[in-house]
Amino acid sequence: MNQTIRYFIFILLAVSSMLLTSCEDAIDVDSGFEAPTLVVDGWINTRNEAQTIRLTWSQDYFDSGKPAAVSDATVVVRNGNRVLPFEYTVDGAYVWTPNGEETIGVTGDIIELGIEYNGEFFISQTEVRRVPAIDSIAMVFEEGSLGLDEGYYGEVYAKDFSGEGDSYWIRAWKNDTLLNKPQELTLVWDATFDPGSGLDGVAFIRPLRLSINPQSDEGGFDPYLPGDHAYVEVHSISNEAFYFLQIAQEQMTNGDNAIFSLPIANARSNIINAETNEPVLGFFNVANISSAERWVD
Amino acid sequence: MVSSVRQNGPSSDHPVKYKTDILKSIYNLLFYSFFMVSSFSMAAQQVTISGYVKDAANGEALIGAYVLVDELEKGTATNEYGFFSLTVEPGTYTVKSGYLGYAEFVQNLDLNGNVTLNIELSIESTVIDEIVVKGDRRDQNVRDLQMSVNKLSMGEIKKLPSLLGETDVLRGILVLPGITTVGEGAAGFNVRGGSIDQNLVLLDEAPVYNSSHLFGFFSVFNPDAVKDVKLYKGGIPARYGGRLSSILDVRMKEGNSKQFEMNGGIGTIFSRLSIEAPIIPDKASFIVAGRRSYIDVLAAPFLGEDFEGTALNFYDLTLKTNYRFSDKDQVFLSGYFGRDNFSFGDAAGFSWGNSTATLRWNHLFNEKLFSNITAYYSDYEYQINFGDTEEDQFDWNAHIKNLSIKPELTYYINPNNVVRFGGQMIYYVFEPANALAITDNDFLDISVDRQYSLESGIFIENEVSLFDKFKINYGLRFSHFSYLGGRNVYYYGEAEPGLIRPVEEIEFVERGKTVKSYGNFEPRLSVKYDLGENSSLKASYNRTAQYIHLLSNTTASTPLDIWTPSTNNIRPATANQVAAGYFRNFNNDNIEFSAEVYYKKTNRIIDYVDGADLILNELLEGQILEGEARAYGAEFFLRRNSGRLNGWISYTLARSERLVDGINNNHWYPNRFDQTHNFSLTAFYELSPRSTLSANFVFNTGTPTTFASTRYVQQGYVIPNNDGDTRNNVRIPPYHRLDLSWTLGPNPKKDKKWKGEWVFGLYNVYARRNPFSIFFRQAEGRPVPGQAISTEAIRLSVVGSVIPAISYNFTLK
């Protein structure tokens, strides 16, 4: 119920900054970082296009540079008898380019990942999950009011499949700019935020539909204006991927929770060292993608 | 000083006719089944002095006032209703009674039969720097059997410098040893390393589930309506049960039974008003007290249409009335209703609050046997709604309701031997979520089913003095809990430690059937040994059981946190605590000193899997982890009671830790609220009879937290990681703060009907930015794809500067 907590924070900050001059200052602390480890950025999809898996090194939390690339690994993806090699290009990217109509797989396929680096083997597997079509993108005009600028607000309509346990990731672009703030990362479990609610097989609830609007630095929405373009994708993700991204997002945005912050937790990888069974940082998921776009008139 | 004495004659030694059959049967059952102790003291012919001690000015019963027979050096203290009973051999005696800040009552009595003695004490109104109480019983610190108790008078609480000038009953208690909080603005408090749900907060015996307004900034108790506040941290007597760590017993005023009285105040946050008056003088009276925040009212004229429909307020209303309908019977009816409201037009609204109602009946079976029956109802509720269109809405509310009955009897055999016994039953209804969602015109009921349960307990305790130097209170409580049907019951399979357990079986259990029950014997023991006139040693042991749990995994608890009963999947928690202390008074009892050490071990505490979702989740039992906790420490307290400069110093050296399978690599780790050192100094200086300067300084070790060591990139997101998988292994910088206030009261020489008082305060005088927490985040703003993202550590200070405040309080009599 992040949504509700956000409102609490808003009240809290409004009151405490007004009365108590509450504040946030950047400070120097020691992260306690010891040594870099292998990171696998393995989010690929079933579209007929080039697929990239990126291998890098982890960094000290306060190292604000780009991560160092891992260039001399071997990366393959296997779907049944098909072994798809990923070739190294640049900046840690290993790319597979399809021939003709070729794709990684279809719904229900079990896809395996294999990586060999420096004599060690890393493996993972995942299932390609179903994704619902996007029915429409609505653009609703709102007059300006408290915390809401005047303009058009987009809503993406899609209906969850019947049967509990579907998980999705909504990604949106406004005028070709990806909504990539941690706060904008939108995950869907069935038609709502998280499992356990019993909600299933209905249209995504409104806060999820509204997630395609970019968030301003103040935490509100930036509206769309005439001439703007919205492009939205819904990715199917495994339940494990949902939990991975959920914890990752909670941790990336934990500072927004002020006094209601959550304990620190590590997003749980599904890629392991084949010998030791120890997880490595990162995740492997193969998504089905549905998409839609809309211009604001 | 007023008193009334009535000779009853020896015949009333025997029990009089019972008022009700119910009481009679409870009485008989408990009396005859448990009662062996009394037999040895029945031999000689004895007489009893009994009655009530009250404040002469307003008729309020005085709790814990002493009454003693000078010649025998035997005494007692009044109970929660001001009642006392002393049984002695016939003779001529001097009876004395007193209470801190009141002049001593002295009367000679020729005792040859039972006597009813109702004592009224007057506040000593002479110059303040003179020693006020001259009685022998200012040595309660040393003489009382009870240890590990924090107690402050409302007078002291009102003089403490406070945040925004709002007198706060709970914050007063926090400057005493053994109490910590996770930080400013956090709801609740932690007692000797216990989590916030391990405190039983009682308002006139009804539990209050959320004791804060505006998250954790202000407590829900109206200072004008509170008479007495007492916090038991250890040596908890057998009559209290249901929580592991502490009992905060808040008693409301009964209402002035002598004359009309109005109190009120205007502060930065609240305006307060209370009215109390006799209905039938000395027999019936009432008090009505209300408070409301008014930021919204003051701000309204300056805000535009944008703010229409926006609400931001909190308020509480406290009511109490009592009626003494015979010499032996008195009833009390009290109620509390408080609420926090926040709404943003039709788009979103939140509100939460407690309601309680308590009915109590005191009955005297005879001079030696006092009884009380309490029945209460308590409800904590919150409501949330989102959505301003018919197609899309979300409405949700949650409750914890309980109904309880609690008979209790006290048998004053003689001043050296007192027995209490009784029981309690609590029926709980938990409503985790009554929720309706409408999404794109689809109506969906996503409620989490109610949970029903029944908690019961019986206890007996006996307080005896032995060989002049020993005093012992030993007791036993047996508690029992049933998780009842009326919903689906889940059975979970095993999972790797720290991960969500899968559901294996779901079974519907009918309403009223027992799903799972638990029982616990809870022995309690307190011992005191007198070392001499001015010092004593005390020791205690208590075992406590807790059957209901607050589900909260955030640093500060939110108003949305729900309570859950123990179920077939969540076991009750138990704690064992031992404590020992040295108590010493100096300087004719003007200076009190105490030092205590304690060790507490708790079994089956609750923790959560990473990413746990605790609300609107029917399957949350699968996300709960079980662990154990331990806490130990030393507490020192030095206090000067009177003189122009008075106050106290408190220091606690402590550690509290937990061990949970699946967290911190299965090693012990400190609690988020653990503080190694906790020091506070509170001083009051009387500048003149009408003006007081108050100061409060606190220092404590920073609380532990966990830092991310590492960052890595996934799909353009920079994700923090804690490579060692540790928990709470670094500490944020220490917390320290100085507060000052100056109280200018009315001229004590003029006896006016209207008495006003100004309070000027400065909170956080040297404007330290004390960290509440240190968190890590990426720089604000939209990351540019392909470019590195910078990450930083941020210190969050809830109070960032010095906070001035002015408030005005008044009394009209």
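The structure is a predicted model, in which local features need pLDDT of at least 70 and side-chain atom pairs count only at pLDDT 80 or more, while totals for chains, interfaces and linings use all residues. Residues are numbered from 1 along each chain as its sequence is written, and chains are lettered from A in the order in which they are written.

**Chain B overall**

- Chain B contains five helices and 51 strands; helices (H or I, at least four residues) and strands (E, at least two) are DSSP runs, numbered from the N terminus.
- The C-alpha trace of chain B spans about 95 × 60 × 55 Å along its principal axes.
- The radius of gyration of chain B is 28 Å, which agrees with the value near 28 Å for a compact globule of 813 residues. This radius is taken over C-alpha atoms, and the globule rule is 2.2 Å times the number of residues to the power 0.38.
- Buried residues make up 49% of the 813 residues of chain B. A residue is buried if 20 or more other C-beta atoms lie within 10 Å of its own, exposed if 12 or fewer, and partly exposed in between, with C-beta atoms placed from the backbone.
- Of the contacts in chain B between residues at least 6 apart in sequence, 66% join residues at least 24 apart. Two residues are in contact if their C-beta atoms, placed from the backbone, lie within 7 Å.

**Contact between chains A and B**

- Chain A contributes 77 residues to the contact and chain B contributes 84 residues.
- On the side of chain A that touches chain B, the elements giving two or more residues are α1 (2-20), β1 (23-27), β2 (38-45), β4 (59-60), α3 (239-252) and β17 (281-287) of chain A.
- The element that gives the most to this side is α1(A), with 10 residues.
- By class, the side of chain A that touches chain B has 42 nonpolar, 24 polar and 11 charged residues. Ala, Val, Leu, Ile, Met, Phe, Trp, Tyr, Cys and Pro count as nonpolar, Asp, Glu, Lys and Arg as charged, and the others, Gly among them, as polar.

- β1(A) pairs with β50 (residues 791-797) of chain B in the antiparallel sense over five bridges; two strands pair if DSSP finds at least two bridges between them.
- Within this pairing, Ile27(A) has Ala793(B) as its bridge partner, and Cys23(A) stands opposite Ser797(B).
- The order β1(A)-β50(B)-β49(B) forms an open sheet of three strands with antiparallel pairing.
- β1 of chain A and β49 (773-778) of chain B stand at the edges, each with a single partner strand, so one side of each is left without a neighbour in the sheet.

- β24 (residues 369-386) and β25 (residues 393-414) of chain B pair in the antiparallel sense over 18 bridges, with Tyr380(B) opposite Ile400(B).
- β25(B) also pairs with β26 (residues 417-439) of chain B, in the antiparallel sense over 18 bridges. A hairpin joins β25(B) to β26(B) through two residues, and the bridge partner of Thr410(B) in β26(B) is Arg420(B).

**Gln215(A)**

- Gln215(A) lies in the loop between α2 (206-209) and β15 (229-237) of chain A.
- With 15 other C-beta atoms within 10 Å, Gln215(A) is partly exposed.
- Leaving aside neighbours within four places in sequence, Gln215(A) is in contact with Lys181(A), Gln183(A), Glu184(A) and Phe221(A).
- The C-alpha atoms of Gln215(A) and Arg294(A) are separated by 19 Å, the residues being 79 apart along the chain.
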